[in-house]
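Hello,

Here is the structure I promised to pass on to you. Have a look at it first, and then read on for my notes.

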There are 4 protein chains.
Amino acid sequence: MILFLKLDASEKDVEKVKEKVASLGCTPHLIYGTEKLAIALTGPTTSLDEEEFLLLDSVQEVLRISKKYKLVSREAKNEDSIIKIDGLEIGGDNLTVIAGPCSIESRQQLFDIAGSLKEMGIRLFRAGAYKPRTSPYAFQGLKEKGLEYLADIKKELGMLIVTEAKDTETLGLVAEVSDIVQIGARNMQNFSLLEKAGCIEKPVLLKRGLSASIEDLLMSAEYILAQGNFDVILCERGIRTFETYTRNTLDLNAVPVIKKLSHLPVFVDPSHGIGIWDKVPAMSMGAVACGADGLIIEVHNKPNEALSDGFQSLTPKNFEKVLSKLSQLAPIVDKKFVRGFEVKSC
Amino acid sequence: MILFLKLDASEKDVEKVKEKVASLGCTPHLIYGTEKLAIALTGPTTSLDEEEFLLLDSVQEVLRISKKYKLVSREAKNEDSIIKIDGLEIGGDNLTVIAGPCSIESRQQLFDIAGSLKEMGIRLFRAGAYKPRTSPYAFQGLKEKGLEYLADIKKELGMLIVTEAKDTETLGLVAEVSDIVQIGARNMQNFSLLEKAGCIEKPVLLKRGLSASIEDLLMSAEYILAQGNFDVILCERGIRTFETYTRNTLDLNAVPVIKKLSHLPVFVDPSHGIGIWDKVPAMSMGAVACGADGLIIEVHNKPNEALSDGFQSLTPKNFEKVLSKLSQLAPIVDKKFVRGFEVKSC
Amino acid sequence: MILFLKLDASEKDVEKVKEKVASLGCTPHLIYGTEKLAIALTGPTTSLDEEEFLLLDSVQEVLRISKKYKLVSREAKNEDSIIKIDGLEIGGDNLTVIAGPCSIESRQQLFDIAGSLKEMGIRLFRAGAYKPRTSPYAFQGLKEKGLEYLADIKKELGMLIVTEAKDTETLGLVAEVSDIVQIGARNMQNFSLLEKAGCIEKPVLLKRGLSASIEDLLMSAEYILAQGNFDVILCERGIRTFETYTRNTLDLNAVPVIKKLSHLPVFVDPSHGIGIWDKVPAMSMGAVACGADGLIIEVHNKPNEALSDGFQSLTPKNFEKVLSKLSQLAPIVDKKFVRGFEVKSC
Amino acid sequence: MILFLKLDASEKDVEKVKEKVASLGCTPHLIYGTEKLAIALTGPTTSLDEEEFLLLDSVQEVLRISKKYKLVSREAKNEDSIIKIDGLEIGGDNLTVIAGPCSIESRQQLFDIAGSLKEMGIRLFRAGAYKPRTSPYAFQGLKEKGLEYLADIKKELGMLIVTEAKDTETLGLVAEVSDIVQIGARNMQNFSLLEKAGCIEKPVLLKRGLSASIEDLLMSAEYILAQGNFDVILCERGIRTFETYTRNTLDLNAVPVIKKLSHLPVFVDPSHGIGIWDKVPAMSMGAVACGADGLIIEVHNKPNEALSDGFQSLTPKNFEKVLSKLSQLAPIVDKKFVRGFEVKSC
């Protein structure tokens with residue numbers, strides 16, 4: 001951390017700053033410029049707050065050198081983290097695809113879609129039991145009944161379950177049924193939920209918030225790791241910008257940026273990221289070409305009857321075409337596209 | 001709601017759309033243009049989802065005419081809502097100022113600041129016991145101990161308490177101590193928390209999320225009203241944009257916009273809205289001149305020792321100057337600036 | 001400027017950096033931290049580019065201490081700049097209001113509106129002869145014919161003219177007729193136009209671009225001052241954000257921020273800033289309460305027949321109400337609201 | 001276009017609206033809902049302005065059905081436009097790569113880089129003679145001298161030249177030397193420049209503005225086509241958002257969106273789009289996987305000595321690796337990666 005003072009700061013002011021620095025266990029180093037005086041701090045600066053210094057009258061600006069996050073960073077762990085679930089490996093040179101409907105609507109619907117996906121070799125099945133919705137009057141999910149159906153899918157089809165925990169109250173129930181617990185974009189800074197997610201023994205897929213910077217996302221992941229759960233997947237799903245043609249602006253820049261900063265696997269959700277089904281295949285390819293470790297894609301057997309997000313869901317048939325293209329793309333970006341089941345028909 | 005089809009949509013397609021509309025209890029009305037065929041829907045369209053129609057092959061675009069929110073709207077209640085707390089009135093032609101430190105640091109700090117504020121006639125005292133922080137390593141508040149101090153402030157000084165509930169677990173405790181329960185920007189779409197806040201018997205101050213549209217904010221308030229709690233104050237506190245000089249971009253446009261759409265009182269938080277203490281007075285004046293019903297301002301007796309947000313906090317002395325200016329401004333915008341206590345010294 | 005290197009940078013790397021610094025006429029100062037090595041630069045650093053250093057293998061980060069702009073800054077000139085036009089003073093403790101229609105539609109329309117405004121004491125009259133429009137098929141202004149009408153207004157009514165120069169080709173013509181030349185938001189970084197505007201002998205009102213940061217705006221003003229024209233008025237007119245309810249997001253934070261950084265007068269355009277006529281009065285009051293030196297407001301005698309921007313224009317009657325409120329507000333924010341003519345009827 | 005009125009609009013109001021509609025050559029169609037009255041317009045609505053109706057007291061909302069742009073749309077021309085330059089084809093199923101330094105620094109530098117690129121088979125060479133810079137004190141390009149060097153490159157190496165025209169004054173000179181004239185992001189709404197670019201006989205590469213919506217970009221292209229120049233390439237180069245880690249937010253969503261709306265070729269500039277050289281290869285791959293017709297990439301032989309944009313430039317060696325990956329990727333997305341020259345060494 002470096003503090004900048006006016007060159008004409010009084011000796012007393014400088015002393016005050018030096019004392020403050022020392023009181024926080026750090027060492028001040030003075031350096032005089034032509035316009036300003038800089039005081040560089042060494043020592044345990046990571047936990048310092050810029051604002052602690054900004055209030056000293058003489059300090060004009062504070063610049064931080066060290067990163068605020070630790071456990072999620074490549075500095076803490078250089079090699080890629082690999083998350084293992086029942087023989088399946090996520091991260092590293094593996095390309096993983098999670099698929100399924102936005103929300104659980106009925107037992108039949110769930111088995112129909114899951115059955116199609118299993119035939120295509122997809123083992124990670126997503127479907128929402130609890131749905132956070134902007135409107136209190138919109139469909140909020142089948143809740144516990146939905147979880148039951150998911151448990152059946154797991155038991156009868158051998159699929160692995162990815163489903164969202166929308167609050168601390170239901171996190172326990174969700175964690176019991178699911179193999180990966182999803183935390184949604186609107187909950188990315190629900191710190192109480194993050195802390196509890198850090199205490200469960202299931203991997204967490206953490207979605208980037210609509211206005212969260214990359215650093216914010218990493219800090220939220222840090223909350224989970226800080227509680228002892230190191231199995232976190234980060235997921236880019238589009239940010240909110242001025243562009244209104246698409247539902248969100250998928251920020252694929254985030255993929256290579258996070259891959260460099262952190263050892264955690266990075267997934268992309270092209271369905272929410274663009275929000276228009278016929279453009280989801282293009283964005284799926286783009287995400288993997290940028291270096292994503294996986295995708296989470298909405299698939300629905302009857303998109304035009306879906307209770308939510310039908311407009312951004314692929315039919316199984318269109319989804320299969322994406323998988324086929326991804327199989328060709330994977331080796332070019334040095335990935336192994338391993339599905340969890342053997343592919344029955346192609 | 002109006003659906004747009006290609007003019008060359010087959011008769012069968014049009015029939016399909018008409019059936020779907022009818023199945024949802026609405027009536028379809030056809031109108032032929034030179035490029036497109038429009039089907040206008042009448043009936044209970046408020047609960048319909050645009051996406052239900054977008055999936056029909058022939059439907060190209062869906063436009064909504066009715067608003068999605070009801071209870072918060074001027075259509076539901078035309079006159080301004082006035083919230084009454086122990087003789088104090090918020091909303092209507094009242095101008096109200098809430099003040100206090102960002103977080104509770106000690107009993108002494110709290111009483112020092114509250115004492116100064118009481119002398120200035122401020123009765124609504126804000127201070128955070130539970131602090132949602134971006135970093136897991138930052139100060140998270142004194143929690144229950146903080147609530148205790150707030151209870152003491154209330155008892156000994158007669159002040160009314162405004163403090164944040166950061167999760168459903170602690171909402172009950174917070175509601176017990178506080179006169180207004182604050183829900184923070186990062187929790188604006190924590191729907192479980194909103195629903196529970198709709199069941200308590202205390203007014204709620206709901207802050208706009210960093211990337212929440214005005215409609216999103218109204219929908220979140222709708223969650224609270226839908227549960228039966230009609231005492232909601234909306235609070236503009238800055239949105240996230242590309243501008244980095246200021247902490248947030250205070251969107252004062254939101255004030256006259258919301259005042260027209262909704263009967264609920266609208267407050268502004270200039271401290272977070274600009275994030276630089278010496279510019280908080282200017283933005284306080286601006287907010288009230290735009291029509292805000294109240295302000296929530298951070299005041300700290302020793303900003304340079306504050307554990308959080310010191311950089312945006314006013315000293316009691318500077319705050320007093322703001323109050324004096326607000327007193328002059330209020331009548332010009334047809335407001336009564338009533339403080340909760342008589343002003344002792346000025 | 002400070003460069004940050006890894007602590008394990010080789011001696012050779014460090015030497016290379018020091019040489020580069022010296023070759024640019026600056027002096028390097030080394031300071032060792034626990035994680036990084038910082039090299040502070042003193043000397044003529046303002047003209048340096050951060051990127052020149054980022055390419056050296058060992059340099060991880062570059063931080064700038066000095067500002068990039070000079071002439072527009074308070075460091076260059078501490079007291080407020082006051083622009084004088086035919087006895088009228090803009091800036092300092094003066095509150096100035098510019099008003100008129102978006103575009104010139106006919107001689108009659110122009111004289112009708114100007115006449116009404118003159119009666120209210122408004123001397124600075126705005127109206128566009130050249131209109132930059134998003135669509136090539138939209139009304140592009142009366143061009144030279146419009147300038148003629150403006151010249152007539154000036155001659156016959158004694159008003160001062162504010163009108164937009166949309167390109168270098170017509171800047172000369174525009175500058176001849178007008179007393180203040182306006183440069184529009186979409187041209188804020190049309191550097192060729194800025195340079196030429198720096199060579200004319202008329203004041204320039206420079207509008208902030210839709211995605212321009214405050215620093216960008218100041219840099220664009222710097223282009224004009226650097227050519228010798230110091231009479232520049234900066235104008236906040238709304239930025240582009242995710243909020244779609246309003247036409248733009250008026251960033252009133254920019255007012256106190258720029259007032260502190262620069263000596264130039266700061267105006268606000270509430271008409272474009274919110275884009276909805278019935279909310280323009282609220283935002284006008286807000287802007288002045290935040291410290292703006294002036295306003296530029298769209299007024300049209302028949303908004304529903306206007307060829308452009310009718311939806312955000314006030315009628316003369318509604319505008320008069322705003323003026324009356326501004327007269328009351330001005331003294332509270334230590335401004336003198338001086339109109340250019342005596343007010344005939346109020 | 002559809003207008004919405006309150007159901008209780010008086011008969012007189014409705015008549016007024018119908019007259020206005022008729023006066024504009026359109027036909028009004030009334031449709032009564034439960035909450036509102038809709039009036040659908042048929043006829044020549046494309047040139048209508050929403051605002052013309054919003055001012056009628058009774059009209060609450062206006063919705064547009066037809067698009068504002070015509071010539072650039074797939075409706076006007078369904079098949080992909082292919083631009084032919086001296087035997088080279090751009091658009092359709094061709095994948096094209098433009099490369100070169102940000103700015104021309106010297107004859108030697110230019111020939112060194114162009115020589116390396118020619119060996120890799122790159123025929124479209126980019127380099128800036130006129131550089132629009134945020135700061136008036138930054139390097140503004142070699143100007144005419146730079147154009148001379150480019151002419152030499154063309155003559156001696158047989159390369160095709162892509163260079164930026166920054167104003168109408170120099171457009172003629174630039175068009176003479178170049179095979180594709182580039183219009184930069186900050187000039188995307190410099191309508192005078194667009195109009196003149198519509199009159200030259202060279203293809204134009206039009207970059208998306210920092211805060212331009214996809215529709216804005218298409219409207220700006222419409223300006224060029226409307227003047228008779230149909231050879232326009234659209235270029236996504238990153239928009240401005242709240243994310244500060246990257247220079248811009250590359251909006252790859254724009255690629256499939258524009259490909260569907262328009263017949264014009266779509267390029268991507270990953271160098272400006274992310275702004276960090278070591279992540280340019282990832283974003284290049286992502287762009288092509290999303291369906292881009294081409295890329296424009298900054299390449300510099302000595303990035304650490306570059307006078308501008310060195311930090312985002314690839315060395316020829318790193319660029320060659322990208323080309324090799326693109327060759328593998330192209331067939332998977334049904335593109336032919338044809339370079340303009342035969343590849344000499346690989």
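How far apart do the C-alpha centres of domain 1 of chain A and domain 2 of chain A lie? They are 45 Å apart. Domain 1 covers 2-63 and domain 2 covers 83-337 of chain A, with bounds that come from an automatic or database domain assignment.

Before going further, some notes on reading this. This is a predicted model, in which local features need pLDDT of at least 70, side-chain atom pairs count only at pLDDT 80 or more, and totals for chains, interfaces and linings use all residues. Residues are numbered from 1 along each chain as its sequence is written, while chains are lettered from A and ligands numbered from 1 in the order in which they are written.

Now to chain A as a whole. Its C-alpha trace spans about 80 × 45 × 40 Å along the principal axes. There are 11 helices and 15 strands in chain A (DSSP runs, numbered from the N terminus: H or I of at least four residues for helices, E of at least two for strands). Of its 346 residues, 58% count as buried; that label asks for 20 or more other C-beta atoms within 10 Å of the residue's own, exposed means 12 or fewer, partly exposed is in between, and C-beta atoms are placed from the backbone. Take contacts in chain A between residues at least 6 apart in sequence: 65% of them join residues at least 24 apart (a contact means C-beta atoms, placed from the backbone, within 7 Å).

One residue to look up is A:E201, in the loop between α6 (191-197) and β11 (204-207) of chain A. Why is A:E201 counted as exposed? Because A:E201 has 8 C-beta neighbours inside 10 Å. Its C-alpha is separated by 8.7 Å from that of A:D231, 30 residues apart along the chain.

Next, the pairing of chains D and A. Here 33 residues of chain D are in contact with 33 residues of chain A. On the side of chain D that touches chain A, α10(D) gives the most, with five residues. A rotation of 180° with 0.0 Å of shift along its axis superposes chain D on chain A, with an RMSD of 0.1 Å (least squares on C-alpha atoms of residues with pLDDT of at least 70 in both copies). The two copies are therefore related as by a two-fold rotation axis. In chain D, D:G286 has the C-alpha nearest the axis, 2.1 Å from it.

Enjoy exploring!

Key
Contact = placed C-beta atoms within 7 Å.
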